[in-house]
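Here is a short briefing to read alongside the sequence and the coordinates. Take a look at the chain as a whole, and then we can walk through some of its residues together.

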Amino acid sequence: MLHAQNSTFDAQFHAQKSYDLQKKGMIFLGSWATLNILSGSTGYFLSEKSTKYFHQMNAGWNLVNAGIAGFALYSISQIDVASLSYTQSLNELQRLDKFLLLNTGLDVGYMSTGAWLWERGIRKKSSRLEGYGKSLIVQGGFLLVFDLVLYFLHSPITSDLIQLTESINVTASGFRINF
C-alpha cells in the first residue's frame, strides 16, 4: 500500500515537472512574441521594401504566438496536478511529446513555405512576398529550435515516469519492485 501511494506521488511529481517546464517554455515563447511584436511594429514604420514586410509578418505571426502562449499558460494554471492519476499523468506527458514532434514537422513546413515565398518574390519582383518569405524562415526556424529543445528537455520526464511502471510488477501474492 505504501508503494502505491509513492507511485501516485511520483506520477504527480513528474506531471508537476512537466507543467513547470511547459510554463517556462510558454513564458519564453511569450517573451519572443512580445519582442517580435514590438520590433516588428516599429520596423514596419521605419523600413522600406521587403524589410517593411518582413517586420509586418513578424509582428502578425507573433500575435498568434502570444495568443498560444497566453492560452497555454492559462490552461496549465487550471490543472490540479494532485488530482491526476498515474495513467492521466503518463497520457499527458506522452501527448506533449507527440505534439512537440508534430510541431517540428509544421515548423519545417513554415520554413519551406518561407523559402518558396522568398524565391517567388524575387522572381515576381514582389517586396511583400520576399519579406513575408524571409520572416517565415526566421519564425519557422525559431519554432523548430524551440520545439526540439522543449522536446529534448521534456521527453526524459516521460521516460522516467515510464520506468517507474516497469519497476513494479503485480504478482499473485502481491507485487514486486525491481531496482
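What follows goes from the overall build and the confidence to the aromatic rings and a few individual residues.

This is a predicted model, and the protein chain in it has 4 helices and 2 strands. Read from the N terminus, the order of the elements is α-α-α-α-β-β. The average pLDDT of the protein chain is 91, and 87% of the residues score at least 70.

**Overall build**

- The protein chain counts 179 residues, and 37% of them are buried.
- Among contacts in the protein chain with a separation of 6 or more, 78% are made by residues 24 or more positions apart.
- About 10600 Å² of the protein chain is accessible surface, and carbon and sulfur atoms hold 65% of that area.

**Aromatic rings**

- The count of aromatic pairs comes to 8.
- One of these pairs is Tyr 53 with Tyr 132, an edge-to-face arrangement with 6.0 Å between the centres and 85 degrees between the planes.
- This pair links distant parts of the chain, since Tyr 53 belongs to helix α2 and Tyr 132 to helix α4 (residues 127-166), 79 residues apart.
- Tyr 53 has a relative accessible area of 24% and is therefore partly exposed, while Tyr 132, at 19%, is buried. The two values fall on either side of the cut-off, because buried means under 20% relative accessible area.
- Phe 142 and Phe 146 make a stacked pair, with centres 5.8 Å apart and an angle of 25 degrees between the planes.
- Both of these phenylalanines, Phe 142 and Phe 146, sit in helix α4, 4 residues apart, which is about one turn of the helix.
- Phe 142 is buried at a relative accessible area of 13%, and Phe 146 is buried as well, at 10%.
- Phe 142 and Phe 146 also belong to one aromatic cluster that includes Phe 28 and Trp 32.
- A charged residue meets a ring at Tyr 44, where Lys 52 lies over the face at 4.7 Å from the ring centre.

**Leu 136 in helix α4**

- Leu 136 is located in helix α4 and is buried, because its relative accessible area is 7%.
- Which residues touch Leu 136, once neighbours within four places in sequence are left aside? The contacts are Trp 61, Tyr 110, Met 111, Thr 113, Gly 114, Leu 117 and Gly 141.

**Ser 77 in helix α2**

- Ser 77 is found in helix α2, which spans residues 49-77.
- With 49% relative accessibility, Ser 77 counts as partly exposed. The value stays below the limit for an exposed residue, because exposed means over 50%.
- The side chain of Ser 77 comes to 2.6 Å from the backbone oxygen of Tyr 74.
- Ser 77 and Tyr 19 are 58 residues apart in sequence, and their C-alpha atoms are 8.9 Å apart in space.

**Two lysines with positive phi**

- As background, most residues other than glycine have a negative phi.
- Lys 49 has a positive phi, near 55 degrees; Lys 49 is placed in helix α2 and counts as exposed, at 62% relative accessibility.
- Lys 125 also has a positive phi, near 55 degrees. Lys 125 is placed in the loop between α3 (86-124) and α4, and it counts as exposed, at 75% relative accessibility.

Methods
Residues numbered from 1 in each chain as written. Predicted model: local features only at pLDDT ≥ 70, side-chain atom pairs only at ≥ 80, totals over all residues. Heavy atoms only, no water. Buried < 20%, exposed > 50% of the residue type's maximum accessible area, 1.4 Å probe, protein only. Contact = heavy atoms within 4.5 Å. Areas by Shrake-Rupley, 256 points an atom, 1.4 Å probe, with all protein chains shown as cover. Polar contact = N/O pair within 3.5 Å; in protein donor to acceptor, adjacent residues only side chain to side chain. pLDDT = per-residue confidence, 0-100. Phe/Tyr/Trp six-rings, centres within 6.5 Å; stacked < 30°, edge-to-face > 60°. Lys NZ or Arg CZ within 6 Å of the ring centre and 35° of its normal.
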